[in-house]
Every structure is written in C-alpha cells, then in structure tokens.
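Please open the model in a viewer and keep the selection panel at hand.

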Amino acid sequence: MMAAAHDTRRQSFVLSYRNASRIGAVVLLLLGWRALTALVGAAVLPGPVETVGVATEGIIVEGWMLANFVNTLAALLGSFLVAVGVGGVIGIVLGSRESLRAVFEPFLLNTYAVPKIILFPVFLFIFQFGIDQKIAFGAFHGTFPMAIILMNAVREIPDIHRDVARSLQLSRWQNVRYVVLPSVLAPLIVGLRFAFNLSFLGVILSELFAARSGLGLILQNALGSVNRPYIMGVTFVIVVIALLVNFVFYGVQRYLEFNWGISVDEGGM
Amino acid sequence: MNTRHVHAAQGLGLAAFVSSLEYLARSGAVGRITLVPPSEMGTTLVNLLVSGEITGDIWQTFSVVLGAFSLAVLVGIPAGWALWQSAELKEILDPFIITYYAIPVFVFYPLLLVVFGFNRLPILLIAFAMGVVAVVINTANGFEAVDQVYLDVGRAVRLSRYQRFRHIALPAALPYVFTGLKLGFIYSLIGVIASEFILAGSGLGYLVSNYYTTFNTAKMYAVMLFVVIVSVAINQTLLRIEGRLYQHRVNA
C-alpha cells in the first residue's frame, strides 16, 4: 500500500513536471513568434494577438471568412467520407485476398508516392470548378493511406482467428463485426486520421489552385494582394481545424491504449 | 498464383487502361483540349527531353528535392537518435511531434512566400518541413526496436559507447531508418512539386500548371507522365532496397 501511494505521488509529480516543460515550450514558441514580429515589424509578420484577432474577426465579427470556412468544411467532410468508404473497401478486399493483393498492391503503394497535385488538371477537366471537384480531389488524397493501412491490418489478422470463425460458421457480416473489426480497430483509427489529414491537404490544394470558394481561395487572394494579416489569419484557422480534429483522433487512440491495451504502431507511413 | 501470373495480370491491366485512353482520345469521344492519346504523350515527352526544353526545370526541381532531403536527413537522424537516448525528452516532446504531424505543413507556403520572397527558399523550407518528420519518427522507432539483450551483451563484453552504437544499435535500426529516408525523400518530392504547381516560376510542377493554363495539353500530359514515371521508379527502387534490408534483418 505504502509503495503504491508513494508511486502515485511520484508519478503525479513527474506528470506535472512534464506538463510544466510542455507549457514552457509553448510559451517559448509564442514568445519567439512575438520576438520575430518585433524584429521584422508587424507589417511584415503579424504577431500572435493580431493573428487571432484577424481569425475571430473573419469568422465571427465581420464574417468575411465564414461562408468560405463552411464551404471548406463541407468539402472536407465529403471527401473524408468518400476516402474512408472507398479506401476501407479496397483495404478490406485486398487485405483478405492474397491473389488480388499481389496484383494491386504495387499500384496502391506507387500511387501513394506520386505527387498527386500533378494530376490536378485531370480533375478539373472531369469535375469543373465546383465542390464536386474539391471533394473528388480531397478523396483522391485520402483514399490511398486508408486503403494501405487497412490492407496491412487485415492481412495481419492471425490465421487461427479466421479458422475459428470458419469453424463457427460465422456469416460474412458476423465475420467482419466479431473477427475483423476488433483486431483492426487500432490501425483503423490511424487510417482514419491519415485519411482526414490527406483529404484536408487535397481540398486546400485544390482551393489554392482553382476554386470559386473556400479558405484556400481567400488564402490565394490574400497572397495575390500581399495581405499579410489575412494570410496569417486564414493559415491559423486551417491549422486550428487540423489540430482540433487530430486531438479527437488521439483521444480515441489513447482511450484504446489505456482501456483495451491496444497499442498503435505508426511507423512506415 | 505465381509471380509470372501476377506480372501478366498487372501488364494486362495497364495495357487495357492505356489503350482505352488511346481509344477515347483517337475516336474523338474526348476532345483534344482535354485528352491527347497516350502515344502522343510519349512522343511529346521524348521531344521535350531531346530538345532540352525542360532540362532546366528537371534540374531545378531535383536540386531543391535533394537539398531539402539532405537537410531532413542531417536534422532528422540526430534528432531521432536523441529521442531514443532520452526517454524523458521523448515523453515531453511526444505531444509536439503528434501536433506537428497533424499540421498541414503545406498551408504555410503562402506565408513563406510573402516573408522570404518569390524564390526557391520557401519551396526548400516546405519540402524540408514535410520530409523531416518521417525521418525523425522512423529513426526513433528503429532505435527503440533494438533488442535490449544485444546492448547488454555489448556492455558485458565491454564495448565502448561508440562501438555499441556502430556495431549493435545502428545495424539493428537500419531498416527502420531507411523507411524514414524513403518517406522523407517522397514527402520532399511531393512538397517541391506541389509548391511549384501552386506558385513558382520554374520546375516540373510549374510546367504542368503553366501548360494547363495556356491550353498546351500535349506538353502538359507529357510532363505529367514524366513526373509519374520518375516518382514511381524512385519509389519502386526504394521499396526494393527496403524489402531487402528487412529480409536481411529477419535472416540474421
């Protein structure tokens, strides 16, 4: 008992010490940014306070960013769902069929490595300039990591689990629900996160190059007129969206790690 | 299904894809502004390469990729090693690494352009920032995968700190480190091409976007084909070396 109590106390001390270092690092980063602003002038690089001010003004107070913000989020949600659906099906099918995997895996891995932006004109030819094109291009980015991660996860399911499922004569759905899903849960979270991050990149890229709306479009316009506060404000909003969503994924991941003992390996992506 | 069958199926699939594009373009089902026959993409590419018209841009793109990749390796491997050395440091920095991974680094390109000006530096920085994280994480993972027993044996036979690193930790971590290098190179390449495509005055990414906006469809597809072929060739080579390194580790 004594030892246990002692351990807890020590652990909480270490935790707070770590958190203090982390908070210190964040404060240092902000101070560094502020110092840089002081050094080159607020006209060249707007500071943290001004940046947050521009972001809130754009979304809440004046609302010049609001419609584009909503538009980007809608395209992002659409492309994420398509990437998860298409990538998920491809991953499960290729993961469970050796022969199909042998044929298609190289195409999957190599397409992941091609700078997909280079194929952007093809998407413009097919989908024109609307939100469909943003969704398609975002999904094109998100599908591959989802498919690759899930394929590897399904392939790693122990043979004995499959044998048991077969001997119990599970239906296809029961097989997915009770055998495949529990053992791919952890990689699935990682796959969802990568699918989200790359879909977001795809949507922003397509808005930066050719779009009639979206955060990328305001960013492009601000770049054209060298409007530094707007560039900082929009960049800030995009980063905050990415961070918030990623923290949710990490929350789920940590939950699985602590409560289910599932650890997640992220190497190789 | 043996290897020969697999290759035959892949070849057939590719051939079917290319010939259907050829048919779509030649039959006039899709207009010339939208699609040129793949055979014409090929001949246009050969002409561009032979005439030297795109040599400068190829050089531009790959010199920046190599520069960014070298920087990512110089910074990333020592950083990954340091994370392995200090468990406490790794624990403290973990949320920051996670956060960094989550940030769409590319959105900083416009900001870097207005801060550093319209030159190659913003492109280099973006490509470095996209490549370095994979090197750091995979290097740290690699050293972590080193079996403690081997290090203990090294200590027991009184190897020096350097000898333990050189003869035990490094060979064991090498395949993982290589995975980091592979991803670092690919992400740097993606960063450079994407930056050039969005806003630049030269480079392969710029060529494709420029040929697109000037309706030079044949040349656009030719350069597109070139980028796809080169990046697939690089990836395929790196995948082979990587596979062999992991194989070696299993056999050893």
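How do the residues of the lining of the largest cavity divide into nonpolar, polar and charged? They divide into 23 nonpolar, 2 polar and 1 charged (Ala, Val, Leu, Ile, Met, Phe, Trp, Tyr, Cys and Pro count as nonpolar, Asp, Glu, Lys and Arg as charged, and the others, Gly among them, as polar).

This is a predicted model, in which local features need pLDDT of at least 70 and side-chain atom pairs pLDDT 80 or more, while totals for chains, interfaces and linings use all residues. Residues are numbered from 1 along each chain as its sequence is written, chains are lettered from A and ligands numbered from 1 in the order in which they are written, and side-chain values use heavy atoms, without hydrogens and water.

**Largest cavity.** Select A:Asn197, A:Leu198, A:Leu201, B:Met130 and B:Tyr187, the closest to its centre of the 26 lining residues. On a 1 Å grid over the protein atoms alone, a cavity is a set of points where a 1.4 Å probe fits but cannot get out, a pocket is an open set with protein on both sides within 12 Å along at least five of seven lines, and lining residues have an atom within 4 Å of a point. The volume here is about 520 Å³ (the space filled by probe spheres set on points joined across faces, edges and corners).

**Second largest cavity.** Next, select B:Phe62, B:Leu189 and B:Ile193, which are among its lining residues. About 30 Å³ of space lies here.

**Second largest pocket.** Finally, select A:Leu119, B:Leu14, B:Phe17, B:Leu21 and B:Val228, which lie nearest the centre of this pocket, lined by 38 residues. Its volume is about 1,600 Å³, and its lining has 32 nonpolar, 6 polar and no charged residues.
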